[in-house]
Amino acid sequence: MKVLVAVKRVVDYNVKVRVKTDNTGVDTANVKMSMNPFDEIAIEEAVRLKEKGVATEIIAVSCGVTQCQETLRTAMAIGADRAILVETAEELQPLAVAKLLKALLDKEQPGLIILGKQAIDDDCNQTGQMLAALADLPQVAFASKIDVADGKATVSREIDGGLETLSVSLPAVVTADLRLNEPRYVTLPNIMKAKKKPLDTLKPEDLGVDVSPRIKTLKVNEPPKRSAGIKVPDVATLVAKLKTEAKVI
Ligand code: AMP
């Protein structure tokens, strides 16, 4: 069974994000970029399925600028067998990515497609769900356990107040939640091996997909700065302030 995993290049989760001075978006100039953390979990899961003998080939896909190649090399260092970059300088929104992935599903015919549950830059949590709808495939979002046997995947998903376990026929789309696994560290020998693995580059036009944005960002603002706190001399003053100033009691 082929497993296709979508990996996005995003601002590293350790970076303190800054808004551009003209409020048109987030400043990404000279900022460290990495693989979206949920996508690392998605790749790790695919590699574990291969180690169990369930998956035969893992294909990592990234859509975006040329530098997404670095993200794909990381995916191959974790254990993906080959990679596809759908290269474009256009700002990609979830619907465009879902359409690109759908076109790749038609070409590659994977048995399982794993995405991250959300990208930490846009926080959309849409691409997996849109892909499942476009490809008319069963979907399980927020997976915390995946078992594959007899043409079916049994997937536990995190829901409010507990876990839900679903059985879906394959092919299916699954999105990875935080507790699905803990991704392995990438070792130097595997980074070296990944350099020799195949990485194909396509353009959205090659897949017949129009990726032009459907949503326009009007303005991006920093959250309001928290104002400094004050020290009160005693409990009586605190209670008085809560009553008269904060009006919460
Ligand atoms: P989102 O819907 O933007 O929160 O993204 C959810 C998931 O879709 C991510 O965790 C990735 O697995 C996948 N994805 C989104 N954008 C891209 C992209 N440009 N390239 C590859 N995968 C993507």
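This is a predicted model: local features need pLDDT of at least 70, side-chain atom pairs count only at pLDDT 80 or more; totals for chains, interfaces and linings use all residues.
Colleague: Which element gives the most to the shell around the ligand, and with how many residues?
Modeller: E4 gives the most to the shell, and its share is three residues.

Colleague: How many residues surround the ligand, and which are the closest?
Modeller: The ligand is surrounded by 18 residues. By class, the shell holds eight nonpolar, seven polar and three charged residues. The closest are Asp39, Cys63, Ala119, Asn125 and Thr127.

Colleague: What is the distance from an oxygen atom of the ligand to a polar side-chain atom of Thr127?
Modeller: Take the other polar pairs as context. The side chain of Asn36 places an N or O atom 3.0 Å from a ligand oxygen. Ala119 uses a backbone N or O atom, at 2.8 Å from an oxygen of the ligand. For the polar side-chain atom of Thr127, the distance to a ligand oxygen is 2.7 Å.

Colleague: How much of the area that the ligand exposes when taken alone does the protein bury?
Modeller: Start from the ligand taken alone, which exposes 480 Å². Of that area, the protein buries 98%.

Colleague: Where is Leu188 found, and is Leu188 buried or exposed?
Modeller: Leu188 belongs to helix H5, residues 188-195. Its relative accessibility is 58%, and the cut-off for exposed is over 50%. Therefore Leu188 counts as exposed.

Colleague: Which residues form a nonpolar patch on the surface, and with what accessible area together?
Modeller: Leu188 is one of the members.

Colleague: What separates the C-alpha atoms of Leu218 and Thr24?
Modeller: Leu218 sits in the loop between strand E11 (199-202) and helix H6 (235-244). At 75% relative accessibility, Leu218 counts as exposed. Along the chain, Leu218 and Thr24 are 194 residues apart. Their C-alpha atoms are separated by 7.2 Å.

Colleague: What share of the protein chain do buried residues make up?
Modeller: The chain has six helices and 11 strands. Its C-alpha trace spans about 70 × 40 × 40 Å along the principal axes. Buried means under 20% relative accessible area. Of the 249 residues in the chain, the buried share is 41%.

Note on methods:
Residues are numbered from 1 along each chain as its sequence is written. Side-chain values use heavy atoms; hydrogens and water are left out. A residue is near a molecule or strand if one of its heavy atoms lies within 4 Å of it. A polar contact is a pair of N or O atoms within 3.5 Å; within protein, one must be able to donate a hydrogen and the other to accept it, and residues adjacent in sequence count only if both atoms are side-chain atoms. Accessible areas come from the Shrake-Rupley method with a 1.4 Å probe; for residues, only the protein chains shown count as cover. Helices (H or I, at least four residues) and strands (E, at least two) are DSSP runs, numbered from the N terminus. Ala, Val, Leu, Ile, Met, Phe, Trp, Tyr, Cys and Pro count as nonpolar, Asp, Glu, Lys and Arg as charged, and the others, Gly among them, as polar. Patches are made of residues with over 30% relative accessible area and no salt bridge: like charges are joined within 9 Å, nonpolar side chains (Val, Leu, Ile, Met, Phe, Trp, Tyr) within 5 Å. A salt bridge is a side-chain nitrogen of Lys or Arg within 4 Å of a carboxyl oxygen of Asp or Glu. Buried means under 20% relative accessible area, exposed over 50%, partly exposed in between (1.4 Å probe, protein chains only).
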